[in-house]
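Subject: Handover of a structure

Dear colleague,

I am passing on the structure below, together with some notes on what was found in it. Please look it over before reading further.

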Amino acid sequence: MPPMAHMAPMASSSHAPSMATPPILPPPPTNNKKAKINRFKVWQRAYWYNGPDGKSYYYQEENLKSFDLYVSMNKTDWVLLGNFQIEGPAGGTDEISQALLDEAAAGHNFNLDEISPEFRYLKFSITSNFGSDSFCHGSEITLFGRDNL
């Protein structure tokens, strides 16, 4: 076995290694903004997945039809802002007019009766869809009002 390499002794020092105190960082920003709204917009799911080509998914099966909107400051006490419904085609989903398709593509507008109370949390409770017993889809919701209150 070859001899071990000679290692120089460590220099001795009367000072302990310097450990810099980590900087005190400000708390992370909170995303729990307070807001008030007076209207909102909802979009349905637009396309079939593995479904018929060239046919829109608007007003079909799992797309949301009616819902309740609630707000809260503490996730315990909820205030109902209203019950809302997307009006579908009168003749069933095989008779969807171009006007209804255009409305769905642009998003469904809903106005509140009055400006909402100040809130931090929103609950979107779907109460019916256009036909499925198992699933429900939506695509997007946009709120209009004031935030950073």
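Among contacts in the protein chain between residues at least 6 apart in sequence, what percentage join residues at least 24 apart? The share is 77%, where contact means heavy atoms within 4.5 Å.

Please bear in mind that this is a predicted model, in which local features need pLDDT of at least 70 and side-chain atom pairs count only at pLDDT 80 or more, while totals for chains, interfaces and linings use all residues. Residues are numbered from 1 along each chain as its sequence is written, and side-chain values use heavy atoms, with hydrogens and water left out.

The protein chain holds one helix and six strands (DSSP runs numbered from the N terminus, H or I of at least four residues for helices and E of at least two for strands), and along the sequence they follow the pattern β-β-β-α-β-β-β. Of the 149 residues in the chain, 28% are buried, that is, under 20% relative accessible area with a 1.4 Å probe and protein chains only, whereas exposed means over 50% and partly exposed lies in between.

Three of the strands form an open sheet in the order 4-1-6, with antiparallel pairing; two strands pair if DSSP finds at least two bridges between them. The edge strands are strand 4 and strand 6, each of which pairs on one side only. Strand 1 and strand 6 are joined in the antiparallel sense over eight bridges, and Val 42 has Ile 141 in strand 6 as its bridge partner.

Asn 109 belongs to strand 4, residues 108-111, and counts as partly exposed because its relative accessibility is 47%. Leaving aside residues up to four places away in sequence, Asn 109 touches Arg 39, Phe 40 and Lys 41. From Asn 109 to Phe 40 the C-alpha to C-alpha distance is 6.1 Å, although 69 residues separate them in sequence.

Finally, the largest pocket is lined by 13 residues, and those nearest its centre are Ala 35, Ile 37, Phe 119, Leu 143 and Asp 147. A pocket here is an open set of points on a 1 Å grid over the protein atoms alone, where a 1.4 Å probe fits, with protein on both sides within 12 Å along at least five of seven lines, and lining residues have an atom within 4 Å of a point. Strand 6 gives the largest share of this lining, five residues.

Best regards
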